[in-house]
Amino acid sequence: MPTQHRTKGPDESFEFDLFISYSHKDREWVERTLLPRLRQWGVSYCVDFQNFEAGRSFEEEMLRYIKASRQALIVLTSNWLGSTFTMFEAQVSKAMARNARAARILILQLEECEPPQLLKDVTVVGRVGAGIWGKFRNALLASKTAIYGRLPLHTSVTFWKRHSSLVLG
């Protein structure tokens with residue numbers, strides 16, 4: 001199982017910062033656009049084609065990695081809305097967030113489409129286009145600091161020094 005995108009931070013209870021839920025029809029965009037940015041920002045992520053173990057049930061792997069992730073990112077498209085697996089991911093992520101196991105769910109829209117009713121109260125970062133990457137980066141950071149904010153002061157200072165480029169650019 002690849003671990004090159006895994007980094008341990010002060011909150012050791014999660015293996016990944018982000019679980020990525022997307023339609024396989026949008027995989028090229030995830031691979032070519034989203035993942036390079038996450039790597040550049042130092043965000044540890046889980047995506048099925050890199051992390052799921054061959055031979056295991058897709059549903060079991062999905063559940064396992066959602067639990068191992070601090071938050072979930074939904075790459076929202078009409079393809080995502082039409083997929084059975086992505087709706088299952090959303091239901092599990094929503095249940096985890098409700099039980100305070102994960103900080104929150106973020107939605108990044110690739111096209112104009114409405115989130116399903118299940119996700120009406122979830123943070124919609126916005127539609128991909130000019131200016132969205134800074135907003136998305138800040139939403140990721142806000143989620144991390146909400147968790148890290150419970151740490152002793154010296155640990156929080158270390159976090160901010162290490163991640164100040166996420167906010168300052």
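**Exercise 1. Which residue in β4 does Ala72 stand opposite?**

Before we start, a word on the model: this is a predicted model, in which local features need pLDDT of at least 70, side-chain atom pairs count only at pLDDT 80 or more, and totals for chains, interfaces and linings use all residues. Residues are numbered from 1 along each chain as its sequence is written, and side-chain values use heavy atoms, with hydrogens and water left out.

*Solution.* Step one: know what a strand is. Strands (E, at least two residues) and helices (H or I, at least four) are DSSP runs, numbered from the N terminus.

Step two: look across from Ala72. Its opposite residue in β4 is Ile105.

Step three: step back to the strands. β3 and β4 run parallel and are joined by six bridges; two strands pair if DSSP finds at least two bridges between them.

**Exercise 2. Work out the order of the strands in the sheet and find its edges.**

*Solution.* The protein has seven helices and five strands, and along the sequence they follow the pattern β-α-β-α-α-β-α-α-β-β-α-α.

Step two: recall how a sheet is held. Strands of a sheet pair through backbone hydrogen bonds, either parallel or antiparallel.

Step three: go on from β4. Four bridges join β4 to β5 (residues 123-127), and these two run parallel. Leu108 stands opposite Gly126 in β5.

Step four: write the order. The five strands form an open sheet, β2-β1-β3-β4-β5, with parallel pairing. Its edge strands are β2 (45-46) and β5, each of which pairs on one side only.

**Exercise 3. Is β4 largely enclosed or open, and why?**

*Solution.* Buried means under 20% relative accessible area, exposed over 50%, and partly exposed in between (1.4 Å probe, protein chains only).

Step two: apply it to the strand. Of the six residues of β4, five are buried, so β4 is largely enclosed by the rest of the structure.

Step three: compare with a residue of β3. Ser69 lies in that strand and counts as buried, because its relative accessibility is 1%. Ser69 is 49 residues from Ile20 in sequence, yet their C-alpha atoms are 9.5 Å apart in space.

Step four: zoom out. Buried residues make up 47% of the protein's 169 residues.

**Exercise 4. Describe the largest nonpolar core and the surroundings of Phe136.**

*Solution.* Step one: define the core. A nonpolar core is a set of buried Ala, Val, Leu, Ile, Met, Phe, Trp, Tyr and Cys residues joined through side-chain atoms within 4.5 Å.

Step two: find its centre. The largest one has 22 residues, and those with the most contacts inside it are Ile20, Leu34, Leu38 and Phe136.

Step three: see who contributes. Two or more residues come from each of β1 (16-21), α1 (27-41), β3 (69-76), β4 (104-109) and α6 (132-148). The most come from α1, which gives six.

Step four: follow Phe136. Contact means heavy atoms within 4.5 Å. Leaving aside neighbours within four places in sequence, Phe136 is in contact with Leu34, Leu38, Trp41, Leu73, Leu106 and Val125.

Step five: look beyond. Apart from this core lies another, of ten residues, including Leu76 and Leu119.

**Exercise 5. How are the rings of Phe52 and Tyr65 arranged, stacked or tilted?**

*Solution.* Step one: learn the rule. Rings of Phe, Tyr and Trp (its six-membered ring) pair if their centres lie within 6.5 Å; planes under 30 degrees apart count as stacked, over 60 as edge-to-face and the rest as tilted.

Phe52 and Phe58 are tilted, at 5.2 Å centre to centre with 55 degrees between the planes.

Step three: answer the question. Phe52 and Tyr65 have ring centres 5.6 Å apart and planes at 10 degrees, so this pair is stacked. Phe52 lies in the loop between α2 (48-51) and α3 (58-67) and Tyr65 in helix α3, so the pair ties together parts 13 residues apart in sequence.

Step four: check the burial. Phe52 counts as buried at 17% relative accessibility, Tyr65 counts as buried at 2%, and Phe58 counts as partly exposed at 25%.
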